[in-house]
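Good morning, colleagues. Please look at the structure on the screen while I take you through a few of its features.

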Amino acid sequence: MKTVLDICLVFLMLNTPGVLSLSTHVALIYPQDPVLRMGSNLTASCWVHPDLGVHASSLFWTLNGQQLPSSLYRVLSPTNLSVTLAGLNASRQTSGDNLVCHNHKGHILAGSCLYVGMPPEKPVNLTCWSRNTKDLTCSWAPGGRGETNISTQYRLKYKLRWYGKEKECEDYTHTQPYSCSITRDLHLFTPYEIWVEASNQLGQATSDVITLDILDVVTTDPPSGVTVSRVGLLEDQLSVRWEAPPALKDFLFQAKYQIRYRLEDSQDWKVMDDVGNQTSCRLAGLRPGTVYFVQVRCNPVGIYGSRKAGIWSEWSHPTAASTPHSERLMSGSCDSKSSGDSNSTLRRELKQFFGWVRKHAYGCSSMSMKLYDQWRVLMQKSHKARNQVLQGDKS
């Protein structure tokens, strides 16, 4: 708080002309730098030294640079002028609101910083995770409406559940104001108790205590080496391959993977949840001649025998690939209606068989995939041959 007060006083002395040195004690404001709850009232007094030869009735007050109406003033003595503020609003900034006493020429005689806010409420949403078992990071949110509008400290506390000594996290991050990382002296196979304490000059509050084992909250780096490639000339498929997160290669765990993909000109991702523990997948049912962006993420399961699933990693960087153009689209022709009943029956039977294969081979399942690939190639060759015949008839 001392640093904040110093900033406030320096602001007053440097940014307003005609400031009289506070060391001369020509004037004083009481109370000096009070901390008040929102909605409270304040009566402040500006006392001027008799030798200054200034009568209190000639003084005036400003709050954050705006002159306060004289109806709020009261002359207590020839050297003392008070001002009463009712229903104070929250401070505009944590460095306080500037309440200043001026002489009739506008020179600053004395200043005070008002800190108006609320005591903290119980912090909520305390969540922790460990990246590759090398650290333990926790985040939380302020309780109630959020900010207290005055300087409030949050301390992440932790200890081993049964025999540990209470410790405080030291590595508070600036990018996320309500998070802290524990990066040393971590113990595996032992539960921790973790909580957050919030305090300011108006009060304090403590979050609920959570208990966790680091092995149960592990998250990994995203899968590496993600590649996306075409599947021969199959115009509606792409093959996706990746490697397990490098940092976990020496751990005993089973990974779950997810894939998501979207069209180049769309922001809507489609997520595939049935990838399982394999490190490759076939995307089917795609649009021919279209660019897709693909990402993969990992969830470590059962690290060192933990019975709980881990936490999903971040998505890998997007990898792009395009499906081949359709033979039918490139030829610019369509099926002839005069092909005959036999062709119609054959197409109907082939369509039924194709639907069965597609149902059993769709997505990342390996079941009947080889048969499905052979069938798709056969279908494309059939379309190509038929289009050549139709074009020959037209010529």
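In which strand does Arg282 lie? Arg282 belongs to strand E24, residues 280–283; strands here are DSSP runs of at least two residues, numbered from the N terminus. This is a predicted model, in which local features need pLDDT of at least 70 and side-chain atom pairs count only at pLDDT 80 or more, while totals for chains, interfaces and linings use all residues. Residues are numbered from 1 along each chain as its sequence is written, and side-chain values use heavy atoms, with hydrogens and water left out.

Arg282 has a relative accessible area of 17%, and it is therefore classed as buried (under 20%, with a 1.4 Å probe and protein chains only).

I turn now to a sheet. Its four strands form an open arrangement in the order E23-E22-E25-E26, paired antiparallel; two strands pair if DSSP finds at least two bridges between them. Strand E23 (270–276) and strand E26 (319–322) are at the edges with a single partner strand each, so one side of each has no neighbour in the sheet. From one strand to the next, the twist averages 30°, taken between N-to-C directions of lines fitted to C-alpha atoms, on a scale from 0 to 180 degrees.

How many bridges join strand E22 to strand E25? There are ten, between residues 254–263 of E22 and residues 291–301 of E25, and the two strands run antiparallel. Within this pairing, Lys256 has Asn299 in E25 as its bridge partner.

Terms used: Buried means under 20% relative accessible area, exposed over 50%, partly exposed in between (1.4 Å probe, protein chains only).
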